Amino acid sequence: MTAPMPSADVLQLAQALIACPSVTPAAGLVFDCLEAQLAPLGFVVHRAHSGEAPDGPVENLFAIRKGPQGSRHFGFAGHVDVVPPGEGWTSAPFAPEVRGELLYGRGAVDMKGAIAAMVAAVAEIPQDAGTISFIITGDEEGPARFGTVALIEHMRAVGEIPDLCLVGEPTSVNRLGDMMKIGRRGSVNIWLEVEGKEGHVAYPHLADNPITRLVAMLAELEALELDNGTDWFQPSNLEITDIMVGNPATNVIPSRASARLSIRFNDCHTGQELADRVSAIAAKHGGTARPVISGEAFLTPPGEFSALVAAAVEAETGLTPEASTTGGTSDARFLRALCPVIEFGLSNATMHKRDEAAAIPDLAALARIYARIAQAALAG
């Protein structure tokens with residue numbers, strides 16, 4: 001059994017990370033801070049920049065502490081970049097402040113607090129227990145083209161693939177420990193465009209109104225029933241997120257109309273299959289579709305790994321976490337190509353909000369949970 005560790009250890013680690021401004025894409029100081037936390041624990045730290053403008057370069061970190069030859073390998077994954085803080089904070093977003101039992105600061109929940117808990121956890125695990133790695137990107141909140149994807153390429157190149165991986169996203173809802181994520185829906189955004197022919201509204205026979213065809217296209221797309229959900233996933237949904245014409249004149253039929261939609265889909269589909277389906281409907285109405293697939297649906301089927309995580313959570317909180325696939329995407333969508341992956345972390349109530357805050361007792365409990373998970377995973 002892992003001995004309880006002082007909450008101040010985790011608190012200090014989290015404060016140090018929060019104090020490094022790291023609006024996505026993060027680089028430099030916050031990685032210096034994390035490297036300084038990991039190096040004394042025996043980790044060999046690799047840092048690199050990947051990609052080119054406009055979505056790069058992105059800084060990433062892969063740190064590894066090797067156990068005995070042939071031992072199991074457990075990976076902790078996450079991100080140190082944060083969304084812009086915005087205005088209206090009670091205290092400065094990058095000046096971590098303790099008020100009562102709460103630690104305030106941008107990233108306290110999503111997800112510097114979880115990374116601090118990971119560091120505190122591995123400090124309690126002897127090196128001969130097995131190999132532990134940190135897979136940390138500076139671009140999860142942004143385009144994510146050159147973040148975890150580049151880390152995976154590096155890990156494959158050096159032959160360091162975890163047996164299991166845990167992502168520290170804030171999955172808890174009402175209390176620490178009430179939910180873990182065993183999968184995520186996929187995501188595809190599609191830009192639609194219809195070309196017409198401009199003309200005077202009084203002479204419609206001399207023009208071709210693209211709006212009429214776009215409206216018909218969107219109506220057909222909106223009427224689609226993609227599926228009824230599965231045992232582990234809610235039904236896929238298609239949402240129209242923007243319509244654009246940009247016509248300032250009241251007496252002109254415009255030459256072009258466009259729209260954008262987003263589909264969040266379960267494992268009944270692939271992003272390409274849905275993109276092709278939308279493209280066919282767009283073509284039927286004389287339009288075009290440009291899809292951008294940002295992630296495929298995936299599921300880590302309930303089994304030994306989820307049971308291991310649930311046991312660790314229950315031992316510290318008394319709760320049995322619900323196994324869920326709800327919510328948006330995360331970098332688990334990339335990491336699942338390496339090994340089974342599960343997400344578990346703090347309460348998500350204040351993530352991306354002003355006055356983001358993590359409960360200090362939860363940070364300490366999370367560190368103990370992470371230590372239990374890693375030790376059990378390494379024991380096999």
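Q: Where is Ala358 found?
A: In this predicted model, Ala358 is part of strand E19, which covers residues 357–359.

Q: Is that residue, Ala358, buried or exposed?
A: Ala358 is buried, because its relative accessibility is 3% and the cut-off for buried is under 20%.

Q: Which residues is Ala358 in contact with, leaving aside neighbours within four places in sequence?
A: Glu101, Leu102, Leu103, Ala108, Val109, Leu346 and Leu363.

Q: Which other residue other than glycine has a positive phi?
A: Ala144, with phi near 60°. Ala144 sits in the loop between strand E6 (131–137) and helix H4 (148–158).

Q: Buried or exposed, that Ala144?
A: Ala144 counts as buried, since its relative accessibility is 5%.

Q: Switching to the core. Which residues touch the most other members of the largest nonpolar core?
A: Phe74, Phe76, Phe134 and Tyr370 do, in a core of 63 residues.

Q: Which helix gives the most to this core?
A: Helix H9, residues 360–379, with 12 residues.

Q: And what is Phe74 in contact with, again leaving aside neighbours within four places?
A: The list includes Thr131, Ile132, Ser133, Pro162, Leu164, Leu166 and Phe305. Phe74 is also in contact with Ile373, Ala374, Ala377 and Leu378.

Q: How many residues are in the other core?
A: That core has 20 residues and lies apart from the 63-residue one. Among its members are Val188, Leu238, Ala259 and Ala282.

Q: Back to H9. Why call H9 largely enclosed by the rest of the structure?
A: Because 15 of the 20 residues of H9 are buried.

Q: What span should H9 have, and how far apart are its end C-alpha atoms?
A: At 1.5 Å a residue, H9 should span 28 Å. The end C-alpha atoms are 29 Å apart, so the two values agree.

Q: What follows H9?
A: Gly380, with a positive phi near 75°.

Q: New topic: the surface. Which residues make the nonpolar surface patch?
A: Ile211, Val215, Ile240, Ile243 and Val245 make a patch of about 370 Å².

Q: Which elements give two or more residues to the nonpolar patch?
A: Helix H5 (210–222) and strand E12 (237–244).

Q: Where is Val245, then?
A: Val245 is in the loop between E12 and strand E13 (252–253).

Q: How far is Val215 from Ala358?
A: Their C-alpha atoms are separated by 45 Å. Along the chain, Val215 and Ala358 are 143 residues apart.

Q: Last thing: prolines. Which residue is joined to Pro25 by a cis peptide bond?
A: Thr24, and omega there is about 0°. Pro25 lies in the loop between helix H1 (7–18) and helix H2 (29–38).

Q: And which residue is joined to Pro54 by a cis peptide bond?
A: Ala53, with omega about 10°. Pro54 is placed in the loop between strand E1 (44–50) and strand E2 (58–65).

Terms used: Residues numbered from 1 in each chain as written. Predicted model: local features only at pLDDT ≥ 70, side-chain atom pairs only at ≥ 80, totals over all residues. Heavy atoms only, no water. Patch = residues over 30% accessible without salt bridge, like charges linked within 9 Å, V, L, I, M, F, W, Y side chains within 5 Å. Areas by Shrake-Rupley, 256 points an atom, 1.4 Å probe, with all protein chains shown as cover. Salt bridge = Lys/Arg side-chain N within 4 Å of Asp/Glu carboxyl O. Helix = DSSP H or I, 4+ residues; strand = E, 2+ residues; numbered from the N terminus. Core = buried A, V, L, I, M, F, W, Y, C linked by side-chain atoms within 4.5 Å. Buried < 20%, exposed > 50% of the residue type's maximum accessible area, 1.4 Å probe, protein only. Contact = heavy atoms within 4.5 Å. Expected span 1.5 Å × (residues − 1).
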